[in-house]
Every structure is written in structure tokens, then in C-alpha cells.
Amino acid sequence: MRITFPHMGTSWIAFKTLVEGMGHEVVLPPPPTKRTLDLGTKYSPEFACLPFKVLLGTYLEALKLGADTIISSGGVGPCRAGYYTQLQGRILKEQLGYDVRVITFEPPRGHLMQTYRIIRDLVKVSFPKFAACAWLAWQKLLALDALERESHRVRPLELEKGTTSRILSQGIKAIDRADSVKEVKNVTAAFLKRFKEMPKDYDYQPLKVGVIGEIYVVLEPFVNLDVVETLGHMGVYVNRSIFLTNWVTENTLLDTFRVEAERSAKKAAGPYLPELVGGHGQTSIGETVLYAKRGFDGVVQLAPFTCIPEIVAKSIMPRVSKELDIPVLTLMLDEQTGKAGIATRLEAFVDLLRMRRNRMARTRGETA
Amino acid sequence: MAIRIGIPRALAYYSFYPQWKTFFEELGAEVILSPLTNKHIVNEGIRDTVTDACIPIKVYHGHVASLAGKVDYIFVPRIVGLDHDATLCPKFLGLPDMIKSSVKGIPPLLTPRFDVRDGRFAPAKAWMKVAEVLGAGYRHALLAYRKSVKVKQYYEELLTSRMLPEEAVSLLDKLAASVKGEKKTPSDVKSSIASAKSSSARSSELQNSNICLAVVGYPYMIYDEFINCGLLDTLKRLGVSILTPEMVPAKARQAQAKKQPKYLFWYYSNQVIRSVYYFFQENMVDGVIHLTAFACGPDAMVDKLLELDCQKHGRIPYLSLCLDEHTGRAGILTRLEAFTDMLVRKRGVRQ
Ligand code: SF4
Ligand code: SF4
């Protein structure tokens, strides 16, 4: 089998390790580009959410590169993501005539046997060998998240613009190349050290902004038009609420054993949105409350156009923003959104946050 | 003075109004229904909602705003689950929260949470809580609840006899009034319902020689004449008879569930798909019209599925109409005319 999978941020590195570990050939999903999006948009329903379109485009490109099997995750709603592969599979097969196998991993909760069977059919090597690869893949995910998290912290402090991004991309490549857990750990340590040693402006007090929203647009820089990096270059410390490793533990392990994840965000959302609305809608509200309480300067909400949960969140956001006095910028992304437009809006937002901070410092100074 | 309860004439109203009304009136409250959707309501709704909201949600906000100052409470239920297969669209799940954050100057809301997945008695319990807020005793409330369930059953029977919601609502209203005034017995009510059903079924029987179209979509799209620019009337004038999801008995819809490889995650969407499968199975329709709202999340999926299914099922002609606040009558009319013309021609060729 020649297997491909969704492209989401840097996670492809771990998936590649995992699928190769099963004994299959991997057809790497090409990083999404304008062409991917155009291709996906052409065959998607008009109001499908942006991730649906990008993923469909990615699959089409991977099929052209020779893939014959797609592995993706399912879900049980109430959001659309869980239905993606159902519909994408039908579009690929019935409408476009591809002979392709679509394998969907449902969340293990309630589907343990099914999950087991899929894995049993897929894994072509001995179990211990596969387990070792899975462990390596997981370590790579952890390492990628660690590097990214650190890059968010140091980027606003860099003296020479671009240093952080350069180190990060070298680090990502090194993690991809690493073929043992030990090497992954060494590489991670080495790059964390480079972040530590790069020239920084230690006196600078960056604005602190939380980035929340729907997981795919938060994690895939192509889709969010590099929001995180752009903010960093404007001298803003970005705290991203979603990292893939947290998400995986919450949605597979914890969920299987019915441990409630994201408890604090859920609780914080309570007074504003006591109901789960699918996707990340409720968490978006909860995270905003938490960021306000942690003294952040602002929040950027990222959502695909027509994203149901985030529209619910967006309608409630003004109240949260007003009552807790935290500015929120909502960016609804669709295939027409351009990078320049986003940068302008971010700039205006950051200006506003700066003025607000200065004003607050002044009033604090006066009362003191 | 009786407590006045406002009910917005939108969203789940079309599925439940007679039940809601019965419950509140049995408890001695006065029910005030917002007017039919009109330009003013739509504009109010647009003002209060985020631009990304779909038209039914905007319209709902407008209906809520139109009740402000006229009632003591507005009934904005949080309907989460109506069966065990799915929840409703997330916008129903967060509805009271959106209303609270967006519409200014409104009276307190009654927001019971309905989810049958919480247990068989969960809906009854939710109603008991509502009764408590209104100061009604437990026994009284229980009786009101029982009666409301009965009325809902009548309502659904009328709908499956192919009566349209507004008509069924006013028939039930008349019956309720006559029970009070002329001391009619429940069995009289039953027989009146039965005769109304059979005459409604007969009149649709008569039209059976015509072209018959499935008009599917969510009840708040199909039956809100303002949103859909009088679609049903237009079809009638074009001499077409129609079938909607509500005209299929719930059991028959449920029986189609097994044809779905994976259930959709939204109650109303499943009803749409299942009723179309039913129409296909019974060979009842010449074509399918799908009414969808601009930027509706679930419908992006439903619409494509229907398109593929119509194709698969012997190329049944399929027309998808996407509606928003800018949709014009003329545009709809042209498309409907073209579609029905095509069907007439197709039928002519076949015979
Ligand atoms: S959360 Fe939003 S983007 Fe994700 S599947 Fe749901 S509607 Fe689409
Ligand atoms: S199902 Fe569609 S039309 Fe209905 S509330 Fe949800 S998004 Fe709006």
C-alpha cells in the first residue's frame, strides 16, 4: 500500500515515522499551497469548511503522486470533521472515479475493537517493532511541540529578525532525520540550547496574546497565513492554546478512559457557554476567559469561514470581551483571505493593544 | 394577570409549537407568538447577529427582539438531542447563550435544556423546571405535560397527512378553543382530527397525477414563506405537488437510517437524508429540491450527499436552492420554472 494522510503543521514528521514503521510506503502529503486549495475548492461543496477543502486538495495531490490509500481520523461530531472522510471518499470515488481506499480512525472510545482491527490489518511488521516506531513517532511529536513552544517565546525577543524561524526550521528538519528516540532527545536539547543562546533583547516586555480557535487552522500555518510567526515578528509573545500532543492525549487516551479533558477551560466557559458545541467552540470561550485571568493583553480567534462552533463562540465573544476587559480579534479565514489583509488587521490590533497597555500603565502610575 | 410567555416563530417552532403552547396555556399562562417573519424582523436580526450567522439564526434573533416589551418571559429552549443518533446543529445548542449575548433589552429567558439522551424522563423533568419558574405545582405541571405530549402527537399526525404546519396549528387552535367553549370531549377532538386528516390526505391524492417533488430541508427553511420567497405557493401555482420530510411518519424515516453508512451529527440533517431515501424507496418523487441556507455548516455536507445520492439513484433530477437575506423572488421563480419544465419534458419523453 502507498499511504498518505492529512497535512497539519509539522505532524507529518510523526505520521511518516508511524506509517513507515507499519511497513508501508509513505506518499508524503505535499505542504498545502494555493494550488492545493484551488484544487480542493473546485471539488468541495461551496460551504464546506476550509480544512475540508484543503484536505481534499491535499489528497488529490497525493493521489497524483501515487498514493492509493488515505488514512485519516474520524469523530462523532457534533462537528463536521468527523464526517470529512465519508464525504471526501465519496467525492473521490463516485464523482472523480479514483480507486482509493479510505481508512478512518474513529476515536477509540466505543470503537476499541474497530481501532484494533484496523491496526492489525495495517501493521505488516512484528508488534514489538511497530510499538517501537509508534513510541519514536510520539517522541517526535513531543519534540516538535517543545521546539515550537520555545520559538513562540523567543521570537519577540530576537535582535535579528528571522533568527528564530531559521533555527526552528532547521530543528524540524533534524527531528525528521532522527531515527532513534535518543537522537530525537539530543536534537531537541541542542536546538533548545540554540534558542537560549541566540542574541536577544532581554529588557523588552512583549505583549502577550493568546491564539485560540479551530484546531486545523490554528495548527496549519498555510491556512492561518502564518499568524503566529507574523505576530512574533511584530514583537508579540504568542501563546497557542492548541498543541497536537495535548490534543492527542485528550482525545484518545483520556477520552477512552472517560477522563474529562480540558476541564479548566470548560469550567471557565460555564457562565457564557455551558454547552459543548462541537469542535473547539466551548474551549475557545473558556480559553479566552483564562487568558484574561492570566493577564494577557489580547486574544486572536482563528476560525474557518462557516465553522459552526466558532460562529457560536464568536457571537458570544463580545460579551466575554467586555465583561473581562480583554480585546479579541476574530479572523474568519476562507479561500479568498490574503496574507496582506491579515497582516494589516493584526498590525492594527497590536497597535491597539500597545496603546491600551500604555494607558493602563499611565493610570496605574497616576494612582500610585 | 396571567404571565405572558413569548414564543419566537422560528427554528424549532415549526416542530413543536402546538406542544409548547398547550403546556403554557394549561398552566394558565398567556402565549404570545411573534408575527410571521417580515422585513423588519429580518433587519433586526441582521443587526443583532454576527455576519457569519445563517439566515435562520438571524431571523430567530429578529423574532426574539420583536417580543421585547410585550411579554414577561421569552421561551428560548436549548434543544440538544431529540433522538439517540445525533444532536442538533451546534447553533441550537448554543442558542440561549447567543441570544443573551446579542439581543439587548429583552425580558428574562426560559431556557430549558432538552436532551433525550439523558434518559427517558429528561424532557419531562425539564418541563417541570419550567413550571417551577412559573410557580405551578408539580401535579398541575405533570398534567399539562401529558396533555402537551398528546397535542404534539395530533400535530404530527396532521403533518403526516400532508397538512402544512400553519394550517395544522390553526386547526388545533380551533379545536382547543371549542373544547373550552362547547365542552367537547376528547373523543370529539379525536374524530375531528381524523376527519381533517383524511380530507387532507384525499386532496393530496387528487393531485397525484401531477409532477411530484420532494422539497427537503429544515422545517424553518421550508415553511418560512418569507425566507424562501413563497416557494411552496409558487410550486402549487406551477401545478406541482410536493412532499416534505415532515410528511413522512417518524417511524418510516427511522427505518431508513440503516442506509446511512454513518449517521450525520445533526438531527434535522438526518431527517432530511432519511426522508429522501424513503421517497426513493417508495418511488414517490420525480425530482428533489433542497432548500439550504447560505453558509449553513451541516448543509455543506447534506447537499453534496443528496447530489451524489440522486445521481446514484437513477439520476433523479436535483435542484439545490441556497437562500439568504438577499434572495429575490424573481430568481427563485425562474429556477423553479426551468426545473419543472425540464421535468415535464422528461416525463413526456418517458410516456
Ligand atoms: S470545527 Fe469548524 S472547521 Fe472544524 S469541522 Fe467543525 S465546522 Fe469545520
Ligand atoms: S443547521 Fe444550518 S441553517 Fe440550521 S441553524 Fe445550523 S447552520 Fe443554521
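Trainee: What's the strand order in the open sheet of chain B?
Mentor: In this predicted model, the four strands of that sheet in chain B are arranged β2-β1-β3-β5, and their pairing is parallel.

Trainee: And which strands sit at the edges there?
Mentor: Those are β2, residues 30-33, and β5, residues 109-110, of chain B. Each of these edge strands pairs on one side only.

Trainee: How many bridges join β3 to β5 in chain B?
Mentor: Two bridges connect β3(B), residues 73-75, to β5(B), and the two strands run parallel. If you want a spot to look at, B:F75 stands opposite B:L110 of β5(B).

Trainee: Remind me, what do strands of a sheet pair through?
Mentor: Backbone hydrogen bonds, in either a parallel or an antiparallel arrangement.

Trainee: Okay, which strands does helix α3 of chain B lie across?
Mentor: Helix α3(B), residues 55-67, lies across β1 (4-7), β2 and β3 of chain B. Its direction is at about 160 degrees to β3(B).

Trainee: Switching to ligand 2: which residues are around it?
Mentor: Here's the set: B:C54, B:P56, B:I57, B:C89, B:K91, B:Y218, B:Y220, B:A293, B:C296, B:G297 and B:P298. Helices α3 and α14 (297-312) of chain B each supply at least two residues of that shell.

Trainee: How does the shell divide into nonpolar, polar and charged?
Mentor: Nine of its residues are nonpolar, one is polar and one is charged. Also, the space that ligand 2 takes up is the largest cavity.

Trainee: Now chain A. What's the order in its open sheet of four strands?
Mentor: There the order is β6-β5-β7-β8, with parallel pairing. At the edges are β6 (236-240) and β8 (328-333) of chain A, each pairing on one side only. From one strand to the next, the twist averages 25 degrees.

Trainee: How many bridges join β5 and β7 of chain A?
Mentor: Five bridges link β5(A), residues 207-213, with β7(A), residues 298-304, and these strands run parallel. Within β7(A), A:Q301 is the residue opposite A:I212.

Key. Residues numbered from 1 in each chain as written. Chains lettered and ligands numbered in written order. Predicted model: local features only at pLDDT ≥ 70, side-chain atom pairs only at ≥ 80, totals over all residues. Heavy atoms only, no water. Pairing = 2+ DSSP bridges. Contact = heavy atoms within 4.5 Å. Axes fitted to C-alpha atoms, helices over the stretch in contact; angles between N-to-C directions. Near = heavy atom within 4 Å. 1 Å grid on protein atoms, 1.4 Å probe; cavity = no way out; pocket = protein on both sides within 12 Å on 5 of 7 lines; lining within 4 Å. Sits in = over half its atoms within 2 Å of the grid points. Nonpolar A, V, L, I, M, F, W, Y, C, P; charged D, E, K, R; others polar.
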